[in-house]
Amino acid sequence: MKILVPVKRVIDYNVKPRVKADGSGVDLANVKMSMNPFDEIAVEEAIRLKEAGAAEEVIAVSIGPAKAQETLRTALAMGADRAILVETDAEVEPLAVAKILKAIAEAEEPGIVMLGKQAIDDDSNQTGQMLAALMGRPQGTFASKVAIDGDHVSVTREVDGGLETVKLALPAIVTTDLRLNEPRYASLPNIMKAKKKPLDTKTPDDFGVDVAPRLKTTHVGEPPVRQAGEIVPDVDTLVAKLKSLGVA
Amino acid sequence: MTALVLAELSDGAVAPATLSAVTAAAQLGGPVHVLVAGAQGAADEAAKIAGVEKVLHAGDAAYADMLAENVAPLVAGLMAKDGVGYDAFLAPATTTGKNVAPRVAALLDVMQVSDILSVEGPKSFTRPIYAGNAIATVESSDAKLVITVRTTAFDKAAAEGGSASVEAVSGPGDAGLSSFVGLEAVKSDRPELTSAGTIVSGGRALKDSETFAEVITPLADKLGAAIGASRAAVDAGYVPNDYQVGQTGKIVAPELYVAVGISGAIQHLAGMKDSKVIVAINKDPDAPIFQVADLGLVADLFEAVPEMTAKL
Ligand SMILES: Cc1cc2nc3c(=O)[nH]c(=O)nc-3n(C[C@H](O)[C@H](O)[C@H](O)COP(=O)(O)OP(=O)(O)OC[C@H]3O[C@@H](n4cnc5c(N)ncnc54)[C@H](O)[C@@H]3O)c2cc1C
């Protein structure tokens, strides 16, 4: 079985994003970029499945600018076997990403497509579900545990009410949540080895997918700012203030 | 423009998240219908929501567990029905809504608008991006709208006062792709996190699950509060996953949010900074949580919290 792992290059999660003064977007010039943290978890899970003998090959794919090669090299250094870059400078929406991934999945026939549940830049939380719909395959979203069992996979999901387990027929789409695993760091020898692993470059046109956006962003602004309040000297003052505010 | 809202059910009853989604749907300007995939009782309950014109009740057992593989084709079918279809589908941005709605969107070849904060026009919405550090205004060019609704951003429609008709609907049924195995739920008598008026949240500083319970629970009991946590506290196993507040956990906006031993990472702030009154207790005066707190106490939580509990 192959596992396909889509990875996105996004602003590093430790960086506080700055909104551009002209309202056109978030300033990404000279900002540290990294692999979307949920995608790192997906890469890790795929590699663990391979290490456990449940999968033979892990293929990383990224849809994005030429620089997304770095993100793919990170996936390769972690242990993915080969990579595909679908190069475009356009901001590709989840629906178009899902269409490109569908075309790749039809060619590669993976048993599982393992995606992050959301990208921390647009926070859409859509791509995995959309891919599952387009392929007519089941989806195990927000996974905190993945167990392959013959021609099925059991996925434990982090839901609002606790932990839900579903059983899906393979091939299936899985999206990762935070508790699934702790991704490894790539070792230096593996980073060196990753440079020699195959990386194919394609374009959205190769898959006949129109990436024109359906949503037009007309403005990007700052969220309302909260005024910092006061530091109280002791618990008595805190309790008194809460009582006078009528909240305790 | 007629809108269809997916009802969020909890233990067979209509959950409050549904009421916020109904308000958002009403702001689109047309009639609002609600789809209840579950028991007849829940459909009757939904019919009483103020402002709802019609309730569609899908009673087929294939929909009872809200498996997206089964529910999405039902919704897409209702949306696309000739003459009587819908222009918009809205689901609350709960884990159920987030699971089902994008599957509906893709079946309809629509780009979903996730987690809307406001309705700005018939096809224009605001939504948070970058963990709420920026707010985007987006306009859809699709023929139909598929939307998830941030429930804290919309008032709840009145649960009583409406008198919608209830119509039975059916769809393709079981897609045969997936099955529900079980739900491991932590039962508690506390208010539910996303609808609680008061929340006490604990962070990594709480050390372990026993200490978390010893320190946080009595304060939450005193305040009649729900209990939340930072990701670090959940990862470390102090509390279950469904306690996590933040960008990738639950979004809350109670009257009072007490953050205990939480540093205030942007991912945590994204989930609670719309709370009315924020209290932070942290021993580090430079912790970022103090930048959003109305009332900050720089103290060792192991002394301050028991003292606070005693004095309330
Ligand atoms: C993709 C991604 C998604 C994430 N999503 C979320 C999310 O949804 N929600 C979330 O919360 N986080 C999320 N995070 C994690 C986030 O970045 C932080 O790591 C996390 O919020 C830190 O939790 P904390 O504040 O409990 O721990 P820490 O940052 O370690 O803070 C502990 C605080 O306790 C204080 N303290 C220690 N001892 C005491 C004491 N005795 N008395 C008083 N104060 C004390 C310290 O001064 C410190 O400020 C996410 C991260 C990533 C990468």
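**View 1. Contacts in chain A that span the sequence.** In this predicted model, contacts in chain A with a separation of 6 or more were counted, and 70% of them join residues 24 or more positions apart. Chain A has 248 residues, and 53% of them are buried.

**View 2. Chain A as a whole.** Count the elements along chain A: there are 6 helices and 13 strands. Its C-alpha atoms fill a box of roughly 65 × 45 × 40 Å along the principal axes.

**View 3. Helix 3 of chain B crosses helix 4 of chain B.** Helix 3 of chain B covers residues 68–80, and helix 4 of chain B covers residues 95–107. Their axes come within 9 Å. They cross at roughly 50°. That angle makes helix 3 of chain B oblique to helix 4 of chain B. The crossing is right-handed.

**View 4. Side by side: the residues where helix 3 of chain B meets helix 4 of chain B.** From helix 3 of chain B, the contact uses B:Ala68, B:Glu69, B:Val71, B:Ala72, B:Pro73, B:Val75 and B:Ala76. From helix 4 of chain B come B:Asn99, B:Val100, B:Arg103, B:Val104 and B:Leu107. What kinds of residue make up this contact of helix 3 of chain B with helix 4 of chain B? They divide into 9 nonpolar, 1 polar and 2 charged residues.

Definitions and conventions. Residues are numbered from 1 along each chain as its sequence is written. Chains are lettered from A and ligands numbered from 1 in the order in which they are written. This is a predicted model: local features need pLDDT of at least 70, side-chain atom pairs count only at pLDDT 80 or more; totals for chains, interfaces and linings use all residues. Side-chain values use heavy atoms; hydrogens and water are left out. Axes are lines fitted to C-alpha atoms, for helices over the stretch in contact, and angles run from 0 to 180 degrees between N-to-C directions. Helices (H or I, at least four residues) and strands (E, at least two) are DSSP runs, numbered from the N terminus. Angles under 35 degrees count as roughly parallel, over 145 as roughly antiparallel, 65 to 115 as roughly perpendicular and the rest as oblique. A crossing is left-handed if the near helix is turned anticlockwise from the far one by less than a right angle, and right-handed if clockwise. Contact means heavy atoms within 4.5 Å. Ala, Val, Leu, Ile, Met, Phe, Trp, Tyr, Cys and Pro count as nonpolar, Asp, Glu, Lys and Arg as charged, and the others, Gly among them, as polar. Buried means under 20% relative accessible area, exposed over 50%, partly exposed in between (1.4 Å probe, protein chains only).
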